[in-house]
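Here are a few exercises on how two chains meet.

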Amino acid sequence: MIDDLDRALIVATQDGLPLVARPYHALAGQLGWSAEEVMRRLQKLLDTGIIRRIGAVPNHYAIGWTANGMTVWDVPDERVDALGAQVGGLEFVTHCYRRPRALPAWPYNLFAMVHGNSREEVRAKAEVIAHLLGENCRANDVLFSTRILKKSGLRI
Amino acid sequence: MPELDAVDRQIIDQWQGGFPICASPYAEVAGQLGIVEDDLLQRLERLLADKVLTRFGPMYQIERMGGAFVLAAIAVPEARYEAVTAQVNALPQVAHNYRREHALNMWFVLATETPGGIAEAIARIESDTGLPVHAFPKEREYFVEMKLAVRQ
């Protein structure tokens, strides 16, 4: 859990770090804290996993990953956890989750994000997942993204 | 795709995490890249301005702070797509939003500071747009690691 000071630090950094030689000192000036306090709290947020990582967040389209497919799968509920772990273990899958179905329109309970520089590449990767799932796959689809409508990330 | 030189690629490929927490972190990273601090700062400014990077800084996980993160989708009539995009994007709780090819053609992520904030945001979008929102909260996470290198 976070306190009010952590919250203030998150608000001050959620758009990014200042691009100046001493960014944590700049934040300290903004917040009215010492730079040591800023660094201590950031380290704590990193250690507790509230910060996943600190660094560059690329726009994956701009670095050549132009085909982005949300692959979705209907697999038996009693097998989804074992299969999800295997699909999530494939080196090209960036996110893999179990989610509820929305029947009848949406029968899929396993989601895996797959990226490539062409739709063919994404479809070939989806084939690898299909092969891994075998008979457990009762239905599947690939939803390609055609436009980023918003990508601001978290805002509190 | 904007022109990226070898150093730009190194920045993107090697520094998606691990940025140091110390007095002069850019100088430390620049040293490891074999460039000077000012060069690194100028490159980061350019990569952000060119939208090669969407951000440079901490990536937060709202669930670890007691908040919630939920994927949701709407089947938006084509004629209203732009207007509905504006209505949905207007909510600060909408962290990302993608158009996808499917009858459910708008997929977005809601990030809120409390789990109750999700239902509130969904109710707001349904009332603003008049369209049903399908929520797909994650029931289990098997893997998450969105670190993609620059494609050659």
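A polar contact here is a pair of N or O atoms within 3.5 Å; within protein, one must be able to donate a hydrogen and the other to accept it, and residues adjacent in sequence count only if both atoms are side-chain atoms. Keep in mind that this is a predicted model, where local features need pLDDT of at least 70, side-chain atom pairs count only at pLDDT 80 or more, and totals for chains, interfaces and linings use all residues. Residues are numbered from 1 along each chain as its sequence is written, chains are lettered from A in the order in which they are written, and side-chain values use heavy atoms, with hydrogens and water left out.

**Exercise 1.** Find how many residue pairs are in polar contact across the interface of chain B and chain A.

*Solution.* Start with the count: the rule finds 47 residue pairs, both residues at pLDDT 80 or more. Next, see where chain B's side comes from: strand 1 of chain B gives the largest share, 8 residues (strands are DSSP runs of E, at least two residues, numbered from the N terminus).

**Exercise 2.** Work out which residue of chain B forms a salt bridge with A:Arg98.

*Solution.* Apply the rule first: a side-chain nitrogen of Lys or Arg within 4 Å of a carboxyl oxygen of Asp or Glu. The partner is B:Glu139, with the closest N and O atoms 3.3 Å apart. Between chain B and chain A the count is 7 salt bridges.

**Exercise 3.** Identify the bridge partner of A:Tyr97 in strand 6 of chain B.

*Solution.* Strand 3 of chain A (residues 93–98) runs antiparallel to strand 6 of chain B, joined by 4 bridges; two strands pair if DSSP finds at least two. A:Tyr97 is partnered by B:Glu141.
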